[in-house]
Amino acid sequence: MKMPAPNASILARKDQIVARLREVLPEGSVISELSETRAYECDALTAYRCPPLCAVLPSSTEEVSAVLKICFEEGVPVVPRGSGTSLAGGALPTADSVILGVAKMNSVLETDYANRLIRVQTGRTNLSVSGAVAEEDFFYAPDPSSQLACAIAGNIAMNSGGAHCLKYGVTTNNLMGVTMVLMDGTVIELGGAHLDAPGLDLLGVICGSEGQLGVVTEATLRILRKPEGARPVLMGFAANEVAGECVSDIIKAGVLPVAIEFMDRPCIEACEAFAHAGYPMCEALLIVEVEGSEAEIAEQLEKIIEIAKRHNPVELREARDADEAGRIWLGRKSAFGAMGQINDYMCLDGTIPVSSLPHVLRRIGEMSEEFGLKVANVFHAGDGNMHPLILFNANQEGQLELCERFGAEILKLCVEVGGCLTGEHGVGIEKRDLMHAQYRPADLEAQMAVKDVFDPHWLLNPAKVFPLDASESRRRLAIAAE
Amino acid sequence: MTPTSENDLAEAILGARGALRLRGGGTRSIGLSEGTLLETGGITGVTLYEPGALTLVARAGTPLAEVEAALDAENQRLAFEVPDLRGLLGTQGASTLGGIVAANASGPRRIASGACRDFLLGVRFVDGAGRVVSNGGRVMKNVTGYDLVKLMAGSHGTLGVLTEVSFKVLPKPEAAATLVLHGLTESEAVAAMAAALGSPYDVTGAAHDPGARQTLLRIEGFARSVAYRLGQLRALFPGRETSEDTDPDAVAALWAGVRDVAPLQGRVGDVWRISCKPSDAPELAARLRAEALLYDWGGGLVWALLPEGTDARARLGTFAGHATRVRGTGSAPAFHPDPAPVAALAEGLRRRFDPRGVLNPGLMA
């Protein structure tokens with residue numbers, strides 16, 4: 001993965017830049033020693049690392065504004081960072097960039113149950129947003145797997161999803177407003193407690209813009225009352241195709257589960273060995289969860305089980321209590337951890353139309369043979385968001401590159417069948433150069449035009465999202481303007 | 001001009017020598033009064049419908065009625081409940097998908113399920129320089145690149161002319177019911193709606209008609225579940241006079257009335273639409289001194305009938321939200337002005353997407 005060469009003039013001015021940043025931030029908020037900046041050299045895409053010029057940890061919107069103003073004046077690229085859990089390299093620095101971490105900004109600013117919203121600083125973790133409203137039985141719906149660690153800032157940047165978004169939507173559907181600082185230090189407010197935009201829906205384009213349009217410091221989030229209860233059912237099938245058809249039939253029947261999760265045999269085996277959840281050994285496994293009162297849950301599960309039975313399941317296991325429900329989810333929730341135990345792995349994130357599921361799984365199987373690398377599949381089947389995990393050995397010469405080539409082929413396949421490169425992880429650097437597979441030059445131009453307006457000098461997270469060749473002239477202009 | 005293909009549309013835009021006045025079906029236009037009329041009604045047809053994947057793709061000029069008929073045959077629907085504003089605005093014609101998206105037209109279910117923009121999965125459009133742009137796609141989860149889909153929803157044709165849109169659709173529920181609370185004041189009604197929306201009973205509509213002093217709460221789903229939740233919901237309001245309706249046609253008709261702002265139809269005056277924090281609604285309504293009002297979205301949306309030429313914003317003063325004039329003329333702009341730095345960004349986007357300023361120029365500025 002190529003990153004642009006650092007700007008030598010910025011590297012030469014490091015001391016001056018650091019000194020200016022120290023002037024506007026409290027003691028200890030500017031990190032510039034290499035021994036300490038190493039903590040910011042990568043995110044959860046650990047294959048790529050580069051310590052930044054320095055890292056800053058502001059505590060308020062005003063401090064973020066002061067930092068950005070200085071970086072704007074100095075022409076220094078800024079890489080915003082939430083908790084650094086991006087799987088796509090969204091927070092990967094370059095040597096000439098300042099990491100702007102929002103971790104210190106984690107307060108709850110307001111909870112308003114009557115209007116069903118919470119206002120937080122964006123360094124707050126996803127799970128602790130729900131935690132802040134749990135005593136009134138409310139919750140924040142988007143639930144990425146990393147929710148214990150990941151920050152709302154990163155959720156907004158990547159428009160994060162989660163297992164339950166089939167019913168509740170992803171971040172963009174639950175984000176009501178933001179306080180955001182533009183690259184030149186200007187602070188703007190978008191949205192708030194009301195439900196639509198007065199003019200253009202700028203909030204809609206901010207969400208998912210991967211930290212390239214501004215730094216979001218505060219967010220107004222929709223909170224929901226918890227359902228009375230929830231319960232999963234586990235089903236095993238003799239073939240991936242059959243499980244895929246079952247998913248489609250459940251959706252068509254008008255039942256709208258909160259989650260439909262799919263695991264294939266390699267994944268089931270790994271999870272079982274790791275978590276001992278008591279999963280049946282079969283080709284494909286579905287976990288379907290429904291919500292409501294006891295009677296409502298029973299009614300929905302009855303319909304789902306009736307549909308499943310038409311597809312000759314090899315196993316049907318309805319959770320009878322919280323303990324059994326916990327065990328059904330245990331394996332699924334530890335899937336990535338289980339994979340990490342056996343091997344290095346790369347987690348992909350393409351989305352496909354649900355109807356293409358059997359075809360895509362078959363093709364992935366064939367490609368797995370061709371590349372000589374094993375793949376385990378675990379994904380959100382209800383909305384077609386796949387997570388193929390390619391297993392490889394990072395210590396073996398050439399395996400990472402082989403794995404990346406295989407991954408690229410899988411993602412191109414997702415696009416070919418009418419899907420997309422990334423459903424919830426974001427483009428970052430990981431899928432950056434594959435964007436040509438999904439978008440024509442005019443499509444990319446239109447997106448880059450948005451960045452031109454928000455960040456005319458291309459200083460915010462500049463080497464991400466767009467293929468380097470597509471963004472090169474804009475990034476060069478930025479350096480020349482300096 | 002009524003082009004019949006995306007190519008023809010691009011040529012028409014490229015060839016424009018002055019302002020273009022864009023029109024889908026012409027049913028909900030807060031339109032320009034001058035300029036060459038460019039209609040999208042010639043670019044029609046459902047191009048893909050997969051009920052099992054809950055997705056529908058259609059060209060932008062496709063009439064809503066045609067799409068609804070296709071969905072109906074599979075017992076599905078557009079969940080954001082498209083308002084039919086012909087009665088309110090005194091317009092004719094047939095609403096098109098492109099017009100719905102351009103206006104981000106969203107009905108009572110917005111409070112629970114989301115707006116048009118939340119169900120919009122992908123767009124194709126021709127920008128002001130004649131460039132064809134595609135964004136998003138036909139799958140429910142997609143974070144590949146910037147979300148121009150949201151940007152196009154509600155942009156009223158000022159950034160580009162839509163040629164194709166794709167939607168997430170939803171199954172129709174088996175049953176629906178309305179719980180009506182009688183005789184509440186506006187403050188009591190907003191509090192009651194907040195209690196209902198903050199309950200675990202999945203309320204999909206919360207409206208208040210102060211003229212009739214009726215507060216309406218809607219529940220949808222499987223029949224047994226609807227019956228259960230209706231009971232639970234009623235129990236939240238002990239001592240209140242309530243009635244309920246479970247007849248499917250009556251429930252549909254009642255909510256169509258909310259959706260289409262029936263209480264304000266056929267009356268003289270200007271119509272304003274105020275989007276606000278729900279709990280602020282009664283106070284804002286008092287400031288408006290309106291001749292008629294309707295609260296939707298639990299109070300987050302207030303429809304107000306005001307004497308012709310009244311500037312609602314002057315009456316409202318400073319508040320968190322915005323006011324749009326949807327019917328009437330006056331010196332105040334139809335759209336609520338953005339604060340300066342936000343307005344600069346919006347203007348920057350318009351210049352980028354429509355460098356010659358030909359697409360509904362000045363409409364949203």
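Author: Domain bounds are those of an automatic or database domain assignment. The model is predicted, with local features needing pLDDT of at least 70 and side-chain atom pairs counting only at pLDDT 80 or more, while totals for chains, interfaces and linings use all residues. Residues are numbered from 1 along each chain as its sequence is written, and chains are lettered from A and ligands numbered from 1 in the order in which they are written.

Reader: Into which domains is chain A divided, and how far apart do the C-alpha centres of domain 1 and domain 2 of chain A lie?

Author: Chain A has domain 1 (108–225), domain 2 (230–336) and domain 3 (343–433), and 30 Å separates the C-alpha centres of domain 1 and domain 2 of chain A. To their contact, domain 1 of chain A gives five residues and domain 2 of chain A gives seven residues, where contact means that the C-beta atoms of two residues, placed from the backbone, lie within 7 Å.

Reader: How are two packed helices described?

Author: One gives the angle between their axes and the distance between the axes. Axes are lines fitted to C-alpha atoms, for helices over the stretch in contact, and angles run from 0 to 180 degrees between N-to-C directions; helices (H or I, at least four residues) and strands (E, at least two) are DSSP runs, numbered from the N terminus. In this structure, helix 10 (residues 240–252) and helix 15 (residues 357–371) of chain A pack at about 155°, with axes 8 Å apart. That angle makes helix 10 of chain A roughly antiparallel to helix 15 of chain A, the term being used for angles over 145 degrees. Their contact is made by A:Asn240, A:Glu241 and A:Gly244 of helix 10 and by A:Leu357, A:Pro358 and A:Leu361 of helix 15.

Reader: In what order do the strands of the open sheet in chain A come?

Author: Strands pair if DSSP finds at least two bridges between them. The seven strands of this open sheet in chain A follow the order 15-12-14-13-17-18-16, with antiparallel pairing. Strand 15 (315–318) and strand 16 (344–347) of chain A each have a single partner strand, so one side of each is left without a neighbour in the sheet. The twist from one strand to the next averages 15°. Strand 17 (residues 375–380) and strand 18 (residues 388–392) of chain A are joined by three bridges, and A:Val375 has A:Ile390 as its bridge partner in strand 18 of chain A.

Reader: How many residues does the contact take from chain A and from chain B?

Author: Chain A gives 74 residues and chain B gives 69 residues. On the side of chain A that touches chain B, the largest share, nine residues, comes from helix 18 of chain A.

Note on methods: Parallel < 35°, antiparallel > 145°, perpendicular 65-115°, else oblique.
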